[in-house]
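This report describes the fold, the surface and a few local features of one protein chain. The sequence and the structure come first.

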Amino acid sequence: MAANKNRPLSPHLQIYKLPVTGVISITHRFAGVLLSAGLLFVVYLLSILVEGPEAYAAMQSIMNQGIMRFFFWSFILALFIHVCHGIRHLVWDTGKTLERETLTRYSILELAASVVLTLLTFVLMQ
């Protein structure tokens with residue numbers, strides 16, 4: 001089968017720039033996957049807590065490591081990204097803020113709000 005040489009090529013990532021709303025949509029999906037994996041880990045941690053004080057002490061020493069703190073704060077950020085995007089969808093359900101200009105502005109606001117909420121949580125937990 002001969003290829004049609006007059007057929008336009010699909011733009012690839014080096015040419016096509018993903019809009020902010022697309023990046024936020026992908027981030028929201030990634031946050032959902034991270035939350036699902038994180039909740040499985042939370043269930044595992046709860047099962048360790050039931051085993052007694054020795055298991056709790058071992059779990060606490062593991063959770064105090066730097067990489068585990070990174071995963072913890074990534075989980076918190078994913079939670080706030082998911083919540084802020086969910087609130088945005090509730091606003092969309094009313095038929096508001098669907099114009100192109102407001103879509104980008106609220107996408108940036110959504111991301112900023114999730115970062116601010118994560119930092120606020122970090123400050124309050126100290």
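## Surface and charge

The accessible surface of the protein chain is about 9900 Å², and carbon and sulfur atoms supply 70% of it. Such areas come from the Shrake-Rupley method with a 1.4 Å probe, and for residues only the protein chains shown count as cover. The model is predicted: local features need pLDDT of at least 70 and side-chain atom pairs count only at pLDDT 80 or more, while totals for chains, interfaces and linings use all residues. Residues are numbered from 1 along each chain as its sequence is written, and side-chain values use heavy atoms, with hydrogens and water left out.

Of the 126 residues in the protein chain, 24% are buried (buried is under 20% relative accessible area, exposed over 50%, partly exposed in between, with a 1.4 Å probe and protein chains only). The chain carries 9 positive and 6 negative side chains, and the centres of these two sets are 17 Å apart. Lys and Arg count as positive and Asp and Glu as negative, without His and the chain ends; each charge is placed at NZ of Lys, CZ of Arg, CG of Asp or CD of Glu.

## Fold and dimensions

The protein chain has four helices and zero strands, in the order α-α-α-α from the N terminus. Helices (H or I, at least four residues) and strands (E, at least two) are DSSP runs, numbered from the N terminus.

The radius of gyration is 21 Å, whereas a compact globule of 126 residues would have one near 14 Å. This radius is taken over C-alpha atoms, and the globule rule is 2.2 Å times the number of residues to the power 0.38. The C-alpha trace spans about 70 × 45 × 25 Å along its principal axes. Of the contacts between residues at least 6 apart in sequence, 73% join residues at least 24 apart (a contact means heavy atoms within 4.5 Å).

## Local features

Rings of Phe, Tyr and Trp (its six-membered ring) pair if their centres lie within 6.5 Å; planes under 30 degrees apart are stacked, over 60 edge-to-face and the rest tilted. The count is four aromatic pairs. One of them, Phe 72 with Trp 73, is edge-to-face, at 5.1 Å centre to centre and 80 degrees between the planes. Ring pairs join Phe 72, Trp 73 and Phe 122 in a cluster.

Thr 97 lies in the loop between α3 (66-93) and α4 (100-125). Its phi is near 60 degrees, a positive value in a residue other than glycine. Most residues other than glycine have a negative phi.

| Residue | Relative accessible area | Class |
|---|---|---|
| Phe 72 | 33% | partly exposed |
| Trp 73 | 19% | buried |
| Thr 97 | 17% | buried |
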